[in-house]
Amino acid sequence: MGDVVQMHFTTPDYVIFALLLVASTCIGLFYALSGGRQRTTQEFLLADRSMTCLPVSLSLLATFQSAVAILGAPSEIYTYGTQYWFLGVSYFLGLLIPAHIFIPVFYRLRLTSAYEYLELRFNKTVRIMGTVTFIFQMVIYMGVVLYAPALALNAVTGFDLWGAVLAMGLVCTLYTTLGGLKAVIWTDVFQTVVMFAGQLAVIVVGAHQAGGIGEVWRKAVNGSRIASLDLNPDPTERHTFWTLGVGGVFLMLALYGVNQAQVQRYLSSRTEKEAIMSCYVVFPCQQVVLCLGCLMGLVMFARYGEDSPLDKGYVKTNDQMVLYFVMDVFRDLPGLPGLFVACLFSGALSTISSAFNSLATVTMEDLIKPYCPAMTEAKATLLSKGLALAYGLVCLAMAYIASLMGSVLQAAFSIFGMVGGPLLGLFCLGMFFPWANSIGAMVGLVAGLVMAFWIGIGNFVSRMAVPAPLPPFINATAVPFPGNMSTVVMTTLIDSITSKPKPRGVQALYNLSYLWYSAHNSTTVVIVGLIVSLLTGPSKEKDLTPGTVYPVLCHLLFFLPERYKEKLCCVTPLPNKPIAIDTQLYRTAQKESNCLAQTEEEEEAKKRGKDEREEDEVRATPQPSCQLAHTVQETAL
């Protein structure tokens, strides 16, 4: 690299960056020393279920609007054009479905961990399998989020790489451990404001230097960076309308529907209505964030055109190019580079802190509490804080592995598709298909994970074996993957513009767009789970825990006669109010359901003043499955 690339921070830059870290720490200390002082697990893990709509929605936004998107989206737009913007189409269903299906189920069951649902619906083994899968997913993802901004900062400014990683990791660990979920949510709110400010500053100053936003648009059009609607249905194409708009829905469901980090925020809301509203508020915010990322990419193109800093050797990867652009634009404006770096690290901090808190929650609720029922509240809270601290240190160690993962945007989405997809399928299997049983759930999850890693690893191995030639108009250095993997993985990024014949059979599966991973893997879980459930004896609706099945099939199959609907799908509506079901109590109630149902009918008969003969007739009358389900629900509670 030449001297041009080594742009150093000035004193105002360091001051602004330090203020971000200090402010985040102070918020954590404030909640550690005020209110209930995080003395109960409800307060530490769920903010005492006291949060309002606005902070929850901004926290939802910040959790996955991380440094990954801030670095990845503009470089994606700069290199490939605005096709990526169509991902915004998927946000509509990706948030509407969680708001009206997943949130009502989770909230009314009064859960702490999303994986408690799996035990209520299936059994403890399925719950533990889901928890372990989530822990694996989030620990790996944290490596990407922690390492990527530090690497970019180091490459462009010479800022010490591991100093930046440690600063982020330790500050995050500190305020998450001390302040609990309430501190995490309020620091997310603060960090979201910083993110917006940093991105807006870059766009405004960059567009002004390029000659105005009209000139930016003109250059983007002339440079063929404004993409048209690509309706190619081929799932091996990296980005098309269907890949982004439909495949993206499944990615969004995995993120906003069943991911513990997001579910925990819904459950921290004061009411179910506020939890649902937070989803609606996130939708326009996400569109704004996506537009900001796209605009920054277009402003970058207006400044550099086809002659990018990557081509000149000023940076090594696309992910570093955004930070180079920021330092270049703000070269004569001290303090503003520090603001953008604060924006970048805010994204990382918000994501990492959410992960620490959610990892501590699932470990405590799913892996420790069930086996230590006599643990006091004080010990449980202390152990939860210790778990948050331990995960913070584990994720610091994972930062090293992240350097092998390549482009942050694609790596992050691939991880969520490969591991989040099977988890989404597991929840959908339980929530929408009442005849799915625990054996089907376990086999389905394993099949989904095997399929996910088969495709992921198969893709990598096939690229290693037969690297495809580059088209003449693609520069060999324009690869957003560092290290010796660049030549291999770069071919994945240009599948849509190479002239090689379309892959067939298994090879086509290996070439599947990373945005289809979540859809493909979740569908695998559902199909395998249903087949195994039917072969091993499907569950009956009367045997299910009340409130764990959303009767979506009942609405979709409205045209069937009632007797077939009762056999094929759940016809019991969700309870209208939150319920708290103790698993053991429910099972006891379920075993005694016939006696309890008879007793209840006897009491009703006596109240009405019926004679003994009518009483016997009522006891002898067989009950439909949905009526029995209601009876069990009432007696269980």
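These legends go with a set of close-up views of one predicted protein model.

View 1. The model is predicted, so local features need pLDDT of at least 70 and side-chain atom pairs count only at pLDDT 80 or more, while totals for chains, interfaces and linings use all residues. Residues are numbered from 1 along each chain as its sequence is written, and side-chain values use heavy atoms, with hydrogens and water left out. Secondary structure here comes to 26 helices and zero strands (DSSP runs numbered from the N terminus: H or I of at least four residues for helices, E of at least two for strands). Of the 637 residues, 61% are buried (under 20% relative accessible area; exposed is over 50%, partly exposed in between, with a 1.4 Å probe and protein chains only). The chain exposes about 24900 Å², with carbon and sulfur atoms supplying 65% of that (Shrake-Rupley method, 1.4 Å probe). Take the contacts between residues at least 6 apart in sequence: 85% of them join residues at least 24 apart (a contact means heavy atoms within 4.5 Å).

**View 2. Where α4 meets α14.** Helix α4 (residues 67–80) packs against helix α14 (residues 336–368) at about 120°, their axes 6 Å apart (axes are lines fitted to C-alpha atoms over the stretch in contact, and angles run from 0 to 180 degrees between N-to-C directions). From α4 come Ala-67, Ile-70 and Leu-71, and from α14 come Phe-340, Cys-343, Leu-344, Gly-347 and Ala-348. Sort these contact residues by type and you get seven nonpolar, one polar and no charged (Ala, Val, Leu, Ile, Met, Phe, Trp, Tyr, Cys and Pro are nonpolar; Asp, Glu, Lys and Arg charged; the others, Gly among them, polar).

**View 3. Two loop residues with positive phi.** Arg-110 isn't a glycine, yet its phi is about 55°. Arg-110 sits in the loop between α5 (87–108) and α6 (116–121), and is partly exposed at 34% relative accessible area. Ser-224, also not a glycine, has phi near 60°. The loop between α9 (213–222) and α10 (241–256) holds Ser-224, which counts as exposed at 59%.

**View 4. Confidence along the chain.** Mean pLDDT is 76, and 76% of the residues score at least 70 (pLDDT is the predictor's per-residue confidence, from 0 to 100). Over residues 467–499 pLDDT stays under 50.
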